[in-house]
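Thanks for coming. I will go through one structure piece by piece, and the model is on the screen in a moment.

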Amino acid sequence: MNLLSRSDLLKYSGLGLGSLALNPLAGATQAQNSSLRSNVLEKLKHHPSKAKSVIFLFMEGGPSQLDLFDPKPLINKLDGQQVPKSFKVPITAMGEYGAPILGSKRTWKQHGESGQWISDWLPHTATMADDLAVIRSCVSDGINHAGGVCQMNTGSILGGRPSLGAWVSYGLGSENHDLPSFVVMKDRKDQVINGPRSWGAGFRPATYQGVEFETSGEPIRFLKPQANEQRYLAKLNLLRDFNQNHYASRNDDTELDARIKSYELAYRMQSVAPEAIDINLEPEYIKTMYGLDQKETKVFGSNCLLARRLVERGVRFIQLYSGSGSKWDAHSNIESNHSGLCKQTDQPIAALLKDLKQRGLLESTLVIWGGEFGRTPMSEKGNGRDHNPTGFTMWMAGGGVKGGQTIGATDELGLWATEDKMHVHDIHASVLNLMGLDHTKLIFHHKGRPERIDLNEGYVNHKLSS
Amino acid sequence: MKNILIALFPWIAFLSLEGSNPIPKDRHHQFLNQQALASKSFVAGKISDGDKKWWAFQAVTLPQLPKTDTAWAKNPIDLFIESRLNEAELKPALAAGKRELIRRVYYDLIGLPPTPEQITAFLNDKSSDAYERLVDDLLNSPLYGERWAQHWLDVVRYSESDGYRADGFRKEAYQYRDYIVNSFNQDKPYDQFVHEQIAGDEYDPGNKDALTGTMYLRHWIYEYNQRDVKMQWDIILNDVTETTADAFMGMSVACARCHNHKFDPIMQQDYYRLQSFFQAILPREDQLIADVETRKNYDEKLQHWENVTRDLRHQIHNIEYPVLLEKTSDNNFSKFVDEIKDMMLKHPDDRSPYEQQIAQMALRQVKTESKFLRYVPLDQKLILDQLKEKLDTYQHLKPKPLPSMNFVVSDVGPIAPPTLIPDHKDKTPIQPGFLNILDPNPAVIAKVDSSLHSTGRRLTLAKWLTQKNNPLTARVMANRIWQHHFKQGIVSTPNNFGRLGELPTHPELLDWLAFQFIENGWSMKHLHRLICNSATYRQTAQVLPTPLAMKTDPENTLLWRYPALRLDAEQIRDSVLLINGKLELSTLGGPSVEGDQFRRSLYVKKIRNTPDLLLSRFNTPEGFKSSPTRNITNTPLQSLLLFNSNWPIQQSETMAKQLLSAYPSNPERVAHLFNFVYGRNPTSKETQLSLTFVEQQLDPESEHKELTSFSDLCHILINSNEFMNLY
C-alpha cells in the first residue's frame, strides 16, 4: 500500500535528494533487521548503555497492582472492613477513604526461576517473569487522570512540559531520518487524556514531539497526497524550483535550507512509513503469536507488532496506549473491566517480549509497562477501586534491565509505598540512565532556566540495571 | 547633524549630544567585564555588593548618546546601533527598497501583507514623509491592536479552556483578549495597563474595562474535580506569582519556590513576599461594577441589613446548607475529606479568609439543586419557612443590587490569609514585599476604601512595578517591543533578565528606550514609531553577510542588516485568507470561532488540549506558562499539513477562482498571483516556469482543467519559502 512507489521516489530525486542513492533505507524494499539502523551518532549520550529504543506500554486509567503484581493477603482477610486506623488517610479522587476494603479475587502463583508473583489475569506475561523487573513502589502526585497521565509523561501534573519521548529524542536523536523518532499509537478512537499534548514537545521546538500513527489507512495524518502522482510530483518540482531560486541569493540562511529539506523528508516519509507499518509483510506464525487471529487481541497485538517493526527501523521511542481514554479506570466492576483489558494486552505484550528476545533486540529495547497510577485497596461502588497514586506497580524489561527481580514494596494493604519508593521523577531519571543519558545533564534552557525531565527532583534507581 | 536631529526630534534638545566625556571605544567590553565581576561574588541565599551591581537592578538612566562619524542615523537608536557596529568594524546595510519596507512594516505592525494596491500607492507616493505616514496609518489601524495583542497573550499564558481532562471552555475569556486589543489600539499607557491587570478592582472599581483586566489573574489551569483543593489552590497561587514575575518583572522566580535561587540573588523568601501580594485573591463570578462612591453607599446599607438579620441568616444557613450540599445528584460533597467539608459547611461569616478561599473553590465542584428544599425534614421545614418569612420583612433594608460581572478576581476581604513557606519550620507569616535586592523592607500597603473589602496588596504591587525608579518594568516591556520588531530582544531572554538569561546586546540602547517609554507617558506607540522610523529598522535584509560579519556576528545580534523573519502561525493563516479574499476584517473582537471560519487567527478558539491543528503545528504556545518567544521549526509534519491537508488546498482553490474570473489571460493571472502572494512581479523565468506548469498540469479528466492547474500553482506559492519568510 505504498502511497508512492519506489520508482516515483527515484523520479523525484531531482528534489535535492542527492543522498538518495547513498541512503540504504531508500534502497531497501523490506526492512528485515536492525542492521537497517543507520550509524547516526547518539548525539548527547553521557555514558554507555544497552538500550537504544523504548517501548512504553501505557495502561491508561490505572491498572490495579493489587490484582496483577502485588498480592496482599491482608485485603482478603479484611474484605468488607474499614481500613485500620493505623494507616495514613490519603486524599482520593472519589473520596473512598472511608469505604470498606475490597479483597482480590485473583489466584496468585510465583513464576519463572525468579519466582515473581503474577496473578492469573496475566498468564502470558507470567511466562516472561524472569525478564521483568517489577517495581512495586511507584509513586505519583496526580490523584486524577489528567494530572497523573501528564506527570507520567512529562514529570509534572501541570501541562506545558515536554514528554519523556521528546526528551529521549532530544538526547539521542533519530536513527532513521525517514521516520519520526517518537511514535504514539492508541488502541481505540477515544482520545488519550489531555489529548496530543501527552506526547507534546512542551516548551521545546516541535521537532521532538511524538507523532501519532494511525494503525489502519494513513499511518500519519496528511501523508497521502490529494492528487495523482504525476500532478503531485510536478507540484513538488515547481516548489523546489521556486525555493531554490529564492535560496540562491540567501544561502547563508540555514532555516531556508531546513525548510526545503522538510519537504524532502515529508516526501520520503510517504514512501517509507506505509511499508514500516505494513504488518501483512509478517509471516503467519508471528501474527498468531501476537494474537492477530483473535478478536480481543487483534488491535493491541497489531500495535505491539508495529512497535517491533518500528524498533527495527530505528524509531527511538514508541508509546502504545491500552485503553486510551482511561479505560483501565475501574471505579466499579473491576472484575469485568480488568479481565477484558488483561485479555486484550497479555498475549500481545508477552509476544512482543519474546519476539524482541528471539531477534536479539530485547537487549537494546527498554520495555516499560504501567499506568498513571494504581488502585486502592478500598472499594468503590461495592466492586471497584479508586485511584491510588501513593503506591502502585510498573515493570521494565530489556534494555539492560536486570530481569527476574522485584523492587520496592507497599504496606500490607498496598496503599502506600514503603520501601525503595520510586516517584515518577525517579522513574524518568532511571529510564534516561538506562538510555545512556544523565538526567542531571540532559537539560534544556527555557526562559533562562535549565529544565530537566525530573524537575530537579529525581534519583536513578541503580537496582534496575544488570 | 545635531541640528537636524533636534529639529526632527525635539526631545533630543535636552540631551547632551556632544557630551564632554569621550566615550571609550570598548564600552561594551567594559559592560561585560562589570557583569562578570558582579557575578563573581555570588553566593546563593545572600545579597552581595556584586549582586547589587547587576545591570538589570540599576536604575534606568538616560545614557549619553554615542558619537558617530556618518550621517546614517535617523534617530538616537541608530547611534547606539552604529557605534556597536563600528566597534566590531562592521557597517550597517543599505536602506531597504520601498517594496521590501512596506511588506516588512505591514507584517510587523498589523500582521498582514500589503495588497498590490497598497503597494502601488506607496510606491507612487513620492513625498519625503511617505514612509513615516505609512507607519502612523498602520499604528492607527485597529488591525495593529489585533496583531500586537497576540504577543501579549502569549506572555500571559492566555487560553480559553481549563486545561485538564474536561478542558471546560471559558466563554468569558475572550473579553480579556478584546480588552488587550483595545488597550493596544488606544495606546493605553503601560502603567495603567499593569494596574488594571494586577489590581483593576482596587484601582478603578467602577470601570468594567479595568475589571476585565483582572481576568489576567484567571488564566491558570483548573481541574474541575480536583478533590485536593488545598493543593490546587497552591498551584493557582504559584501560577499567578510566577507569571507575574515572568511577564512584568522579567525575573524567573520559579526556582525560588523551593530554595534560594542558585544563580540570582533571589531568595526563597522573595518568592513568598511576591506571592503574598496575591494571597488574598478570590476568583469572582459576582464582582460588582461600581465606583467607590456607589460602593460606599451600597455597602453601608448592606452592612446594616446584614447586622440586623445576622441571627436569622445563620439559623437559615444551619438548616439549609447541610441539605443543599449533601442532596445533589453528583454526590460530590461526600468526596471531600472532613477538613474541607467543615470549611464548606461553615457560614461564610465564620470562615477565616483562607477557609473562605478553599470553601469557594470546593463549592465550585458541587452542583446544587434548585429543589433541594424538599429534602429538609418537615419539622425543620416549618421552622425554615418561619425564619424566611421573618427575613423577608427586612427586605426593604437591603440595597438594590448593583451590576456585576464574572470571570474576574477580587480579594477575599480586607484581611489576607497568612503567607507561609511550605514545610518551613518558621511559621511567622511572610509579609508582602518586593525583591530583597531592590528593597528589603516590607511593602507599605496602599489604602483602599473599606467598601471594596480588599487588602490593597495588589494595588501596592502595581504601584511599585510602575514607579519610575523600578529598574525592571520599563526595560522589560521596551525589550518586548524591540523583540517583536527585530525577531530578537536586546535581551534575547525576554522573561529573564537575571544571570540565567542573556546579557543585553545594547544595554545603553535598552536604557534609552526604557527612559523614552517612561518619559512619554508609557506610550507603546511612541516606541513603535521611534523604532520603525530608525535607519536600523529600515535596513535591507536582502544582503549576504560579509566574511567578517559571518565570523564575528553570524547571528546578526549587532544588526548589520535587518534580520530575516519567518512568518508565525497567525501570519501564515491570516495571509492565506487575505490573499484569497476570505479574511473577515470588518469586525473587531467578539466570541472566538472555529479554525475553519474566516476570522483572523487571533479569534480562533484557544483550547489547551485540542488546539487548532494548523496554528499549533506552527508553534503557537500551549497556554500553560508565560511564553515570551515562539519556537521556529521546519518539520516534515508541517510540510505534510501545508501540502496535503484540505485547508490549504481549499484556500488555493478559492484563490484560483478569483484569478480566473478577474483576469482573462494566463500571463496576467500569473503576474497577479505573484503580486498578491509575494508583493512583486514574477521574473521572466518564474513567469515561464509557471506558464509551463499550468499547461502541463491541465488534467484531461477534470471538468475544471484551468481551475485545478491554477489551484495547484496557488498552492505551491503558499508553500514556498518566499511566502513563508520575510526578507
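Asn331(B) sits in the loop that links α14 (292-326) and α15 of chain B. Helices here are DSSP runs of H or I with at least four residues, strands are runs of E with at least two, and both are numbered from the N terminus. Asn331(B) is not a glycine, yet has a positive phi of about 55°. Is this residue buried or exposed? Asn331(B) counts as exposed because it has 12 C-beta neighbours inside 10 Å. The cut-offs are 20 or more other C-beta atoms within 10 Å of a residue's own for buried, 12 or fewer for exposed, and partly exposed in between, with C-beta atoms placed from the backbone.

A word on provenance. This is a predicted model, in which local features need pLDDT of at least 70 and side-chain atom pairs count only at pLDDT 80 or more, while totals for chains, interfaces and linings use all residues. Residues are numbered from 1 along each chain as its sequence is written, and chains are lettered from A and ligands numbered from 1 in the order in which they are written.

Asp187(B) also has a positive phi of about 55° without being a glycine. Its loop runs between α9 (174-185) and α10 (190-203) of chain B. Asp187(B) has 18 C-beta neighbours inside 10 Å and therefore counts as partly exposed.

Back to α15(B), and its partner. Helix α15 (residues 338-345) and helix α16 (residues 353-363) of chain B have axes that come within 8 Å and cross at roughly 95°. Axes are lines fitted to C-alpha atoms, for helices over the stretch in contact, and angles run from 0 to 180 degrees between N-to-C directions. α15(B) and α16(B) are therefore roughly perpendicular to each other; that label covers 65 to 115 degrees, with under 35 roughly parallel, over 145 roughly antiparallel and the rest oblique. Which residues of α15(B) meet α16(B)? They are Ile340(B), Met343(B) and Met344(B), and on α16(B) they meet Glu355(B), Ile358(B), Ala359(B), Ala362(B) and Leu363(B). Contact means that C-beta atoms, placed from the backbone, lie within 7 Å. Nonpolar covers Ala, Val, Leu, Ile, Met, Phe, Trp, Tyr, Cys and Pro, charged covers Asp, Glu, Lys and Arg, and the others, Gly among them, are polar.

Leu237(B), Thr241(B) and Ala245(B) of α12(B) meet Tyr271(B), Leu274(B) and Gln275(B) of α13(B). This contact has four nonpolar, two polar and no charged residues.

α12(B) turns up again with helix α18 (residues 457-465) of chain B. α18(B) is mostly covered, with nine of its nine residues buried. Among them are Arg457(B), Arg458(B) and Lys463(B), along with Trp464(B). The buried residues of α18(B) pack against α10, α12 and α19 of chain B.

Next, domains. The assignment, automatic or from a database, gives chain B domain 1 (2-95 + 469-566), domain 2 (200-289 + 328-368 + 403-467) and domain 3 (641-726). The C-alpha centres of domains 1 and 2 of chain B are 37 Å apart. Their contact takes 18 residues from domain 1 and 20 residues from domain 2. On the domain 1 side, α3 (49-52) and α19 (473-486) of chain B are the elements giving two or more residues.

Now the cores, meaning sets of buried Ala, Val, Leu, Ile, Met, Phe, Trp, Tyr and Cys residues joined through C-beta atoms within 7 Å. The largest has 274 residues, and those with the most contacts inside it include Val54(A), Ile318(A) and Ala478(B). α8(A) gives the most to this core, ten residues. Apart from it lies another core of 13 residues, including Phe333(B) and Met343(B).

Last, chain A. It has twelve helices and 17 strands, and buried residues make up 61% of its 466 residues. How many residues of chain A are in contact with chain B? The count is 51 residues of chain A, against 67 residues of chain B. The largest share of the chain A side, ten residues, comes from α7(A). By class, that side has 25 nonpolar, 14 polar and twelve charged residues.

Notes:
Contact = placed C-beta atoms within 7 Å.
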